[in-house]
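Have a look at the sequence and the structure first.

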Amino acid sequence: MEEAVELGQRGHAPVDEGPLVEAAIAGDAQAFAQLYDLYVTRVYRHIYYRVGRKEDAEDLTQQVFLQAWRAIRSYRRTEVPFVAWLLTIASNAVISFYRKNRPTQPLEQDVRSSSAGGLWADPEGEALARFDREEVRRAILKLRPEQQQVVLMRFIEQMEYPEIAAALGKSEGNVRVILHRALLQLRQLVAR
Amino acid sequence: MSKVSPELLARCLEELESGRATLEEIVAAHPAEAEELRDLLELRLAIVPLPAELEPDPAFRASARVALLEAIAAERDRRRGLWGLFGPWVRMPALAFARLGAPLIAGLLLAFLVAAGGGVAYAAQDSLPGDALYGVKNALEQVQMALAASDEARAELHMALAAKRVEEVQRAAAAGRGDAARAAAEGFLSHVGQVETYVGSASASGKDVEALRERLQANLERQQAVLAEVLEKAPDSAKDAIQHAMEMSQKGLKRAQQAVQGPAGADAAGQGGQQVEPGRPEDTPGGRPEGRADLQALLQDLVATARGGNAEQVSSLVTEFLAALENEGAVLGKSSASFTEHCRGAYNRLEQAYERASGPVQEALLPALTALEECVPERAAPVPRDGSSLPGPPSDRPTPPRGRP
């Protein structure tokens, strides 16, 4: 049941972001800065998982928030949670990042081996596990962008299927199918 | 062929993640699918979030916050054009203007600027895109726009500015300056779009806009003729832009004709496919008009910016464009014929821009092209990879227009 404890940390503290989002859409930069305060960690961690380097994660995080500000007036009618919208922008930013001819980075060694919490939540579990987490992470980065997005939103961001479906403009059934295909593809990738 | 269906996998994942069952229990409950299910669930267990301790550096958080606010302020300055140009000297009156909407303040500002630099302002009138003084010319036009107190007045002014741009196209082409001609042609199109938007806005608020529409029609007919003449002698580097300006203004002309002759607005949208909704297209707190006009305006911005070669700006517009595309897909229905048609048109425009763009701009355009591909059935079909050596997340098909003839 150890896995369940680790995986069961789903969801994030509910925050009434509505007034802040409305104010930011109306052009209030300070309100947007408060949204930044709320979500910078989540965006950073999402990006870090995918790029594996602190400097790159910082650059891209900054870029994502600036792009979000520029596009925020378009957010009004998308009807997805604000953070899901941010993560979609983050996802596009990471795709662009990788298209700029950069190889997939392994996660930084000092973070991987740090004993103060380590990179992964249970180093013992990792040692016993059949699949190496870093290898799986690299395999995830080889999936199609849409599959990557669904895998990360579901397993890393721990978003529910309806949330993912709304963020990506798909049905829940479609999201399940994408996830299914993604895991099958991952299985092939790590088996090679 | 997978033995594990998506539904079964989702159920098993749910059981595992919620702690209702262990991996062994789940596998034991599905002997026929045991082997594959075990692999998939073990893979799932290897995908775990980073630990909570992994947070951005507090120094980064703070400095990035400051940088974000500074970037927002700088962008506002830049978008306000003249205000940005003269920085803190005019920022306060400009903000006062923006908030109070007082034409008097803008008038005083204009008088001050003309008095302070009248010679420069005069000289700027003859400048062409790319000239040092062209920024001053644009800035003065923005002040004029700020002074326009109604939608009709703004439509009139954009009409006059469209005529100026055509005149610039002529002069630039005559001087063999392809880039300047191209930029002026893009500016012309932008002003024509603004005229239509403000006429639509005035009409929606009950104003009589017949005279405006007739004048727009007459202007566009004249400008079509001028552009056709210029096209023959224009440098090669400007021909496609002039051609495009002619095609788009021809559509604008048709819409104006239909609006004057027939049931205003509705028919025009059906025929031209570019309904211009009421709204405020300038960069004001009111924002762009929503819907199709928004997408079109963004597309125009995107193509123009891509031509300008600023990859960062292109990337930013691409984000905005993707959100607007999503929005339009939600409104029209992603499988609807009209949405597909819009996507196809947008794809073709962006593909042309892509082919002319530099490497960084091409990269910035790719997410938009990829998204549009998904919306166009004939492009969404998987085809073999083209052997591109770019690393990173692969796709089942080549990324958009690379390798096209």
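A crossing is left-handed if the near helix is turned anticlockwise from the far one by less than a right angle, and right-handed if clockwise. This is a predicted model, where local features need pLDDT of at least 70, side-chain atom pairs count only at pLDDT 80 or more, and totals for chains, interfaces and linings use all residues. Residues are numbered from 1 along each chain as its sequence is written, chains are lettered from A and ligands numbered from 1 in the order in which they are written, and side-chain values use heavy atoms, with hydrogens and water left out. The model scores ipTM 0.79 and pTM 0.45.

**The helix pair in chain B**

- The crossing of α16(B) and α17(B) is left-handed; helices (H or I, at least four residues) and strands (E, at least two) are DSSP runs, numbered from the N terminus.
- Residues 337-356 of chain B form α16 and residues 359-375 form α17, and the two pack at about 155 degrees with axes 9 Å apart. Axes here are lines fitted to C-alpha atoms, for helices over the stretch in contact, and angles run from 0 to 180 degrees between N-to-C directions.
- α16(B) and α17(B) are therefore roughly antiparallel (under 35 degrees counts as roughly parallel, over 145 as roughly antiparallel, 65 to 115 as roughly perpendicular and the rest as oblique).
- The contact (heavy atoms within 4.5 Å) includes F339(B), Y347(B) and L350(B) from α16(B), and L365(B), L369(B) and L372(B) from α17(B).
- By class, the contact of α16(B) with α17(B) has 13 nonpolar, 2 polar and 3 charged residues (Ala, Val, Leu, Ile, Met, Phe, Trp, Tyr, Cys and Pro count as nonpolar, Asp, Glu, Lys and Arg as charged, and the others, Gly among them, as polar).

**Helix α5 of chain A and its partners**

- α3(A) (residues 29-51) packs with α5(A) (residues 82-99) at about 45 degrees, axes 10 Å apart, so the two are oblique to each other.
- That crossing of α3(A) and α5(A) is right-handed.
- Residues meeting there include F32(A), Y39(A) and I47(A) of α3(A), and F82(A), L86(A) and V94(A) of α5(A); the contact splits into 15 nonpolar, 2 polar and 2 charged.
- With α9(A) (residues 145-156), α5(A) crosses at roughly 135 degrees, the axes coming within 11 Å; these two are therefore oblique as well.
- α5(A) passes α9(A) in a right-handed crossing.
- Among the residues in contact are L87(A), S91(A) and I95(A) of α5(A), and P145(A), Q149(A) and M153(A) of α9(A). The tally is 5 nonpolar, 3 polar and no charged residues.

**Aromatic rings**

- Over all chains there are 10 aromatic pairs (rings of Phe, Tyr and Trp, its six-membered ring, pair if their centres lie within 6.5 Å; planes under 30 degrees apart count as stacked, over 60 as edge-to-face and the rest as tilted).
- One of them is F82(A) with W85(A): centres 5.5 Å apart, planes at 40 degrees, so the pair is tilted.
- Both F82(A) and W85(A) sit in α5(A), 3 residues apart, about one turn of the helix.

**Confidence**

- Chain A has a mean pLDDT (the predictor's confidence in each residue, from 0 to 100) of 78, with 74% of its residues at 70 or more.
- Over residues 1-13 of chain A the pLDDT is below 50, with 30 contacts beyond near neighbours in sequence.
- Chain B has a mean of 71, with 70% of its residues reaching 70 or more.
- In chain B, confidence is lowest in α13(B) (residues 266-272), at a mean of 38, and highest in α2(B) (residues 23-29), at 91.
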